[in-house]
Amino acid sequence: MSIDRRSLLKIAAAAPAVSGGPLLAQAAATPPAEKADYTIRIATGLVDLADDHIVSTTLYNGQFPGPLIRLREGKRVVVDVHNDTDTPELLHWHGQMIPSDVDGAAEEGTPFIPAHGVRRIAFVPKPAGFRVYHTHVIAGGDLNRGTYTGQAGPVYIEPANNPGAYDREVFLVLKEFLPTFSRGGDMAMDFLAGDPIKELQDIGKKADDQFKGPKGYEVGYDLFSINGKMLGHGDPVRVKEGERVLFHVLNASAGEIRSLALPGHVFRIMALDGNPVPAPADVPVLWLGTAERISAIVEMNHPGVWVMGDLADDDRGHGMGIVVEYAGAMGEPQWTKPQPYKWDYTIFGKPGVTAASPDATFDVTVVKHNGAVDGFNQWMLNGEAFSMQTMKPAYTVHEGRRYRFKFHNASDDIHPLHLHRHSFELVRVGGKPTAGIMKDVVMLGGFQEVEFDFVADNPGPTLFHCHQQLHMDFGFMAMVNYA
Ligand SMILES: [Cu+2]
């Protein structure tokens with residue numbers, strides 16, 4: 001199934017579509033005649049970001065973003081993944097509770113999709129909500145591999161309960177192109193609620209003294225886009241006064257943290273990472289770490305032609321935005337910078353409720369070794385960088401028990417922490433306790449701490465990692481193994 005951006009929006013605007021294909025008995029062996037519900041083709045293609053900026057990269061079905069895949073919770077789906085490239089690939093179903101052999105991480109034992117080959121997979125989609133599919137190969141120093149390419153697309157699993165009353169849905173996929181390495185970066189750091197912790201700064205300073213050499217490479221980008229179009233070059237989001245539009249926003253970056261604002265409007269946050277939040281709340285700005293998703297309703301009550309865009313002038317100026325146009329409004333799209341706003345996950349939690357106690361706790365201290373591996377920063381979890389040879393560091397869990405991860409970040413970088421095949425409940429973020437917020441990625445602030453709990457309810461090797469491609473490729477991974 002190949003659909004372009006225009007039909008994607010049409011589908012998004014229509015009543016929930018369900019993927020075709022018969023529901024087959026799970027126990028039966030796959031008959032060769034069984035037709036795939038979806039076919040995904042990995043191949044080099046062009047992204048028409050703007051007339052004078054057409055980028056060549058690896059894509060799903062020749063388009064960016066990859067086609068919106070609509071699934072129904074609990075209804076088995078068959079997907080054929082063809083790999084027309086010269087290198088083995090992995091396709092990860094981010095945010096779904098599915099078996100390790102189809103999840104799409106080599107560390108968990110998922111087989112590669114061979115170069116110029118095909119792999120058929122079948123799984124039962126869950127849980128309902130806004131998910132993602134993206135490549136999961138290691139890129140290392142190769143900016144033509146992994147999530148630096150255009151291999152990402154939205155997945156929507158039809159929910160048991162709708163997240164709220166709305167007139168229509170719009171999917172927004174935020175993505176940078178043309179990556180290059182540089183020494184040092186300019187990523188926003190000061191937008192997360194909470195204060196840096198002195199003890200963690202001291203640990204970080206000690207590591208800096210030990211690794212005195214030049215700072216490791218960081219990745220920057222030349223071109224920025226929403227739904228594969230630079231600001232002003234795609235179709236605007238056309239709205240009517242009084243409409244309630246549900247935006248499903250995905251940060252499909254390889255490593256950037258993104259912000260998004262719509263002048264004169266607020267976002268009512270309904271779901272984080274596809275999971276409804278206990279306390280929907282209005283915010284003026286969205287902040288999304290790599291692979292995070294936000295579903296938010298905007299009440300269209302401020303007619304005009306607006307730029308919905310990133311707060312960073314440079315990134316927005318190079319394309320990170322989309323025009324929102326009211327029916328009957330004319331003129332140049334307007335942008336005004338919103339007031340400074342601290343992003344605080346805990347405002348969406350259950351007020352006054354304490355998360356359940358865990359059966360066991362894993363403390364993890366994150367340390368950066370500047371430029372330690374061929375000029376790249378190396379990431380240490382409790383003194384150990386992940387190794388594919390030893391599959392360490394590793395944590396052992398027992399099915400049915402509840403585990404707490406406590407992360408102590410002794411680096412100045414923000415880390416979007418991701419656990420495969422499970423959702424976790426935020427317990428404490430930036431010094432504030434919380435409960436009831438279920439996610440699969442959470443930003444760990446510089447010199448800050450994050451605690452989350454997960455129930456070991458999906459046996460099989462499970463990968464944990466920072467979703468910053470550069471960090472995960474250079475040590476920031478760990479295995480969670482069932483006893
Ligand atoms: Cu990281």
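Of the 483 residues of the chain, 59% count as buried, where buried means under 20% relative accessible area with a 1.4 Å probe and protein chains only as cover. This is a predicted model, in which local features need pLDDT of at least 70 and side-chain atom pairs count only at pLDDT 80 or more, while totals for chains, interfaces and linings use all residues. Residues are numbered from 1 along each chain as its sequence is written, and side-chain values use heavy atoms, with hydrogens and water left out.

The chain holds five helices and 31 strands, taken as DSSP runs (H or I, at least four residues, for helices; E, at least two, for strands) and numbered from the N terminus. For a compact globule of 483 residues the radius of gyration would be near 23 Å, and the 21 Å of the chain agrees with this; the radius is taken over C-alpha atoms, and the globule rule is 2.2 Å times the number of residues to the power 0.38.

Two nonpolar cores, each a set of buried Ala, Val, Leu, Ile, Met, Phe, Trp, Tyr and Cys residues joined through side-chain atoms within 4.5 Å, are listed here.

| Core | Size | Residues, among them |
|---|---|---|
| Largest | 79 residues | Leu172, Phe247, Trp343, Phe452 |
| Second, separate | 20 residues | Ile98, Phe123, Ala128, Val155 |

Phe452, leaving aside residues up to four places away in sequence, touches residues including Tyr403, Phe405, Leu417 and Phe464, contact meaning heavy atoms within 4.5 Å.

Notes: Buried means under 20% relative accessible area, exposed over 50%, partly exposed in between (1.4 Å probe, protein chains only).
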